[in-house]
Amino acid sequence: EISGLSVTDVDAGAGNISTTLSVAHGTLAVTLAPGASISAGANGSATVTITGTLAQINATLANDVTYQSTSQYTGQETFTVSTNDGGNTGIDPGLTGGAGNEVDSDSFSIAVVPQVWFIDNTPGTVDASAPLGSQNNPFTSIAAFNASAAPGPNDYIYLREGTYTEADGINLKDGQTLVGQGENLEFPNPFGGASIVIETGSQGQ
């Protein structure tokens, strides 16, 4: 999830503005605040446009934006935020946008590493709102992992310590890598510098 996003407009007043979120190698999902709507693109797609008052749009962004990379994509992702003030009040300086409105666009980069799925049959505290198979909401059995269609080729599977009794074992797809809790799981940083650490294995503690 991506947090900390907001937009500003000194003279929007109570009028509607539109903010477009877009990425090149994945999808974006938002939780709309009351009064806000999706006016273009689609929730869960590469581009989504939110329309509402400044307060409604910022309340939507405050709910965090969920980014999901395209399957098997790793590297640098560009996230663009573009806001059209719709004219509303004030004088249009004519710097950007069309006649009677201004448009401001900003972008930042995201480091995308391989998809990791977690299996833990004694997970302790679980966040049921988190995606199934994530660190905060892991699969609680190998059978549940095997039954899921979500894991794809070349993904990583992190198996936490526990007693697993599934007689059929774990089913891996092409290129998938199984990592036990005793091992560190880290990936090269697409921007260079220190590696991105996903899990520190029990042997490294």
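The tour begins with conventions and then visits the sheet and a helix.

The model is predicted, so local features require pLDDT of at least 70 and side-chain atom pairs count only at pLDDT 80 or more, while totals for chains, interfaces and linings use all residues. Residues are numbered from 1 along each chain as its sequence is written, and side-chain values use heavy atoms, with hydrogens and water left out.

Select the sheet. It is open, with 5 strands in the order 3-4-1-6-7 and antiparallel pairing. Helices (H or I, at least four residues) and strands (E, at least two) are DSSP runs, numbered from the N terminus; two strands pair if DSSP finds at least two bridges between them. At the edges, strand 3 (37-41) and strand 7 (103-112) each pair on one side only. Neighbouring strands are turned by 20° against each other on average, direction ignored; axes are lines fitted to C-alpha atoms, for helices over the stretch in contact, and angles run from 0 to 180 degrees between N-to-C directions.

Next, select helix 1 (residues 54-62), which packs on the sheet and touches strand 1 (17-23) and strand 4 (47-52). Contact means heavy atoms within 4.5 Å. The direction of helix 1 makes about 140° with that of strand 4.

Now select strand 6 (residues 75-84), which is joined to strand 7 by 10 antiparallel bridges. Within this pairing, Ser82 has Ser105 as its bridge partner, and Val81 stands opposite Asp106.
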